[in-house]
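Please keep the sequence and the model in view while reading the points below.

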Amino acid sequence: MLKFERKCALGREWVLRDGEVLKLKGCSKKETCYNRDTSQIKKPKNHALVKFPPSIIPQSEEINSFSGQLIDQANAIGIIGGLSVNSCLKFTKKLNLKLQDKENELPLVLCTDPALSKELLSLEQSYFPSLSAKTERVYTNPHSIVQNLRRKRVFLENCGVCCVVMPCHVSHCWYDEIRENCCVPFLHMGECVAKELKEEKLRPIEAGSRLRIGVLATNTTLVAKMYREKLENEGFEVIIPDKATMEHTVIPAMEALSRKDFEGAQNLFRIAVHALLVRGVNRIILASDDLQQLLPPDDPLWRKCIDPIDALARSTFEYTQSVERCK
């Protein structure tokens, strides 16, 4: 049985045994950061799961003074959690699939905050009155959300990560503000998707027109706008559902999902997808975790649809491999 103690940069101690946290001294609050670090564990390989209190994550007045590096691997990845922890888990799972092909491992540092997730969820559901009325209303302040996400980004930088990712569609609406003065590459999910679509060398479905890419999101005001900007920069024409499609398919699909009417939600979602396909789009970006779960993994429609987290995972893996080669 392997057992050892380590200290973080601010002196908090944790005891590890076979990659499992047994005790963490000095922690009393909920905000967490997960450190997947195998540097001190011999075979068989296990990953340490470490919880840090909010006091380790620098507050706004401490951003410039915090300088403790928690990990020393040159290819560590920093992950900022957002609306749902499921997106982060999906990202790490897809990244692990790439790593299995290379028989390699990467240290990951994940910062997630349940309070922030509630704020983002409340903001997302504010566009669906019928849904927000059924859930606890949480006051949302975009400025405080941005500052919260910036603190996490700064913390990850000071941990020693080689790049930062944010597998959350809604959080990307403030990407520029969060990235400001970032010292390491901060991958943008929309740019990763646009890059892969460009490399596909697709041909327009309608002769003489530009390549059309559809964006299907539950929040067209915030999320679809973000993807539109990145895709148009690469020369694509972006198609989003019209008002009638949103009101008669997408919004009812979300309402059906909230009632646990999965079949009804799935049927409405398929109608929304086909409504975009008949408008001549080559691909449809599914910019919503809720909508993605309505499409089974083996569904033929996936040939026309894109999960942005897939593109983010591939781009992240490619970047870490370039870091490895430069060692």
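In this predicted model, N181 is exposed, its relative accessible area being 62%. The residue sits in the loop between α5 (175-179) and α6 (189-200). Its phi is positive, at about 65°, although N181 is not a glycine.

**Another positive phi**
- K201 also has a positive phi, near 55°, and is a residue other than glycine.
- K201 is placed in the loop between α6 and β8 (212-216).
- With a relative accessibility of 71%, K201 counts as exposed.

**A patch of negative charge**
- On the surface, D176, E177, E180 and E229 gather in a patch of negative charge.
- One of these residues, D176, belongs to helix α5.
- D176 counts as partly exposed because its relative accessibility is 48%, which falls between the limits of 20% for buried and 50% for exposed.

**Salt bridges**
- The structure holds 15 salt bridges.
- K90 and D289 form a salt bridge in which the closest N and O atoms are 4.0 Å apart. This pair links distant parts of the chain, with K90 in helix α1 (residues 85-102) and D289 in helix α10 (residues 289-292), 199 residues apart.
- K90 is partly exposed at 23% relative accessible area, and D289 is partly exposed at 25%.
- K90 and D289 are also linked with D307 in a network of salt bridges.
- E191 and K230 meet through their side chains in a salt bridge, at 3.2 Å from N to O. Distant parts of the chain are linked here too: E191 is in helix α6 and K230 in helix α7 (residues 220-233), 39 residues apart.
- E191 is partly exposed, with a relative accessible area of 39%, whereas K230 counts as buried at 13% relative accessibility.
- A salt bridge also joins the side chains of R212 and E237 (3.3 Å, N to O). Because R212 lies in strand β8 and E237 in strand β9 (residues 237-239), the pair ties together parts that are 25 residues apart in sequence.
- R212 counts as buried at 15% relative accessibility, while E237 is partly exposed at 23% relative accessible area.

**The chain as a whole**
- The secondary structure of the protein chain comprises eleven helices and eleven strands.
- Of the 327 residues in the protein chain, 53% are buried.
- Among contacts between residues at least 6 apart in sequence, 70% join residues at least 24 apart.
- The protein chain has an accessible surface of about 16,100 Å², and carbon and sulfur atoms account for 49% of that surface.

Methods: Residues numbered from 1 in each chain as written. Predicted model: local features only at pLDDT ≥ 70, side-chain atom pairs only at ≥ 80, totals over all residues. Heavy atoms only, no water. Helix = DSSP H or I, 4+ residues; strand = E, 2+ residues; numbered from the N terminus. Buried < 20%, exposed > 50% of the residue type's maximum accessible area, 1.4 Å probe, protein only. Patch = residues over 30% accessible without salt bridge, like charges linked within 9 Å, V, L, I, M, F, W, Y side chains within 5 Å. Areas by Shrake-Rupley, 256 points an atom, 1.4 Å probe, with all protein chains shown as cover. Lys, Arg positive; Asp, Glu negative; His and termini not counted. Charge placed at Lys NZ, Arg CZ, Asp CG, Glu CD. Contact = heavy atoms within 4.5 Å.
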